[in-house]
Amino acid sequence: MNLRGFATISYWADDVAAAAAWYTQLLGVEPYFERSGPDGVLAYAEFRIGDKQAELGIVSRAYAPPGFPAEPGGAVMYWHVDDLEGTLVRLHELGATEYQPVTPREAGFVTASVVDPFGNVLGVMYNPHYMEQHPAAG
C-alpha cells in the first residue's frame, strides 16, 4: 500500500506499541522516531510516508486534548492511493472496519474510509488531480 500526500496527522491509541506495529505492517516501514513517556512506555511513534514524506504520528490517548471523543468521527483526512480497491482489501485484512464505503465523486474522485483497530478514521481516495502533480512511480 502506498499512502501519498499531506503533511502531518496524529492518530490516537491506548496502546501506542500495538498501533505502531499495526501501521508498520500496513505501511511496510518502521517508525523513524519514537518517544517514551515518563513511565517508560512508548507514547509516540512517527512514520514518514508518501511522495512528500508526510508525517503520521501515533500518540498515546493519554495526551489527547480534554473532551477528545472516544468514538470515530469528525474530520476525515484522505490519503491518495493509486489502487483504492486493493488498499481497502489490505486494510480489511489487517482488521480495519468500514466507516464509509467506496463513494464515486465528480471528476474522477473516489473516496472511502475505515476505522483502524485503535478507533481512528483513515480516509483513502483516488484523486486524479494528485496524479497530475505526482505521477505514479515507475
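This report walks through a helix, a hairpin, the aromatic pairs and the salt bridges of a predicted model.

## Helix α1

Helix α1 covers residues 16-27, which makes 12 residues. From first C-alpha to last, α1 reaches 16 Å. That is close to the 16 Å expected at 1.5 Å a residue.

Look at the two ends. At the start of α1, a side-chain oxygen of D15 comes to within 3.2 Å of the backbone nitrogen of A17. Just after α1 comes G28, with a positive phi of about 80°. Between these ends, the buried residues of α1 are V16, A19, A20, W22, Y23, T24, L26 and L27.

## A closer look at T24

T24 lies in helix α1. Is T24 buried or exposed? T24 has a relative accessible area of 16%. Buried means under 20%, so T24 counts as buried.

What does the side chain of T24 meet? One of its polar atoms lies 2.8 Å from the backbone oxygen of A20. Leaving aside neighbours within four places in sequence, T24 is in contact with V29, E30, P31 and F47.

Strand β2 takes in residues 33-36, and strand β3 takes in residues 42-49. The two pair in the antiparallel sense, over 4 bridges. For E34, the bridge partner in β3 is A45.

Together, β2 and β3 form a hairpin. There are 5 residues between the strands. In the turn, G40 has a positive phi of about 85°.

## Aromatic pairs

The whole structure holds 6 aromatic pairs. One of them joins Y11 and Y23, with ring centres 5.8 Å apart. Their planes meet at 40°, so the pair is tilted. The pair links distant parts of the chain: Y11 is in strand β1 (residues 8-13), and Y23 is in helix α1, 12 residues apart. Both Y11 and Y23 are buried.

W12 and F68 form another aromatic pair, also tilted, with 5.3 Å centre to centre and 55° between the planes. W12 lies in strand β1, while F68 lies in the loop between β4 (54-60) and β5 (78-80). The pair therefore ties together parts that are 56 residues apart in sequence. W12 counts as buried at 13% relative accessibility. F68 counts as partly exposed at 37%. Ring pairs also link Y11, W22, Y23 and F118 into a cluster.

## Salt bridges

How many salt bridges does a search of the whole structure find? It finds 3. In one of them, R61 is joined to D14, and the closest N and O atoms are 3.3 Å apart. R61 sits in the loop between β4 and β5, and D14 in the loop between β1 and α1, so the pair ties together parts 47 residues apart in sequence. R61 is partly exposed at 22% relative accessibility, whereas D14 is exposed at 68%.

R48 forms a salt bridge with E55, and here the closest N and O atoms are 3.0 Å apart. R48 is partly exposed at 35% relative accessibility. E55 is buried at 18%.

R90 and E93 also meet in a salt bridge, at 3.9 Å from N to O. Both lie in helix α2 (residues 84-93). They are 3 residues apart, about one turn of the helix. R90 is partly exposed at 27% relative accessibility, and E93 is exposed at 57%.

Definitions and conventions
Residues are numbered from 1 along each chain as its sequence is written. This is a predicted model: local features need pLDDT of at least 70, side-chain atom pairs count only at pLDDT 80 or more; totals for chains, interfaces and linings use all residues. Side-chain values use heavy atoms; hydrogens and water are left out. The expected span of a helix is 1.5 Å times one less than its number of residues. Buried means under 20% relative accessible area, exposed over 50%, partly exposed in between (1.4 Å probe, protein chains only). A polar contact is a pair of N or O atoms within 3.5 Å; within protein, one must be able to donate a hydrogen and the other to accept it, and residues adjacent in sequence count only if both atoms are side-chain atoms. Two strands pair if DSSP finds at least two bridges between them. Contact means heavy atoms within 4.5 Å. Rings of Phe, Tyr and Trp (its six-membered ring) pair if their centres lie within 6.5 Å; planes under 30 degrees apart count as stacked, over 60 as edge-to-face and the rest as tilted. A salt bridge is a side-chain nitrogen of Lys or Arg within 4 Å of a carboxyl oxygen of Asp or Glu.
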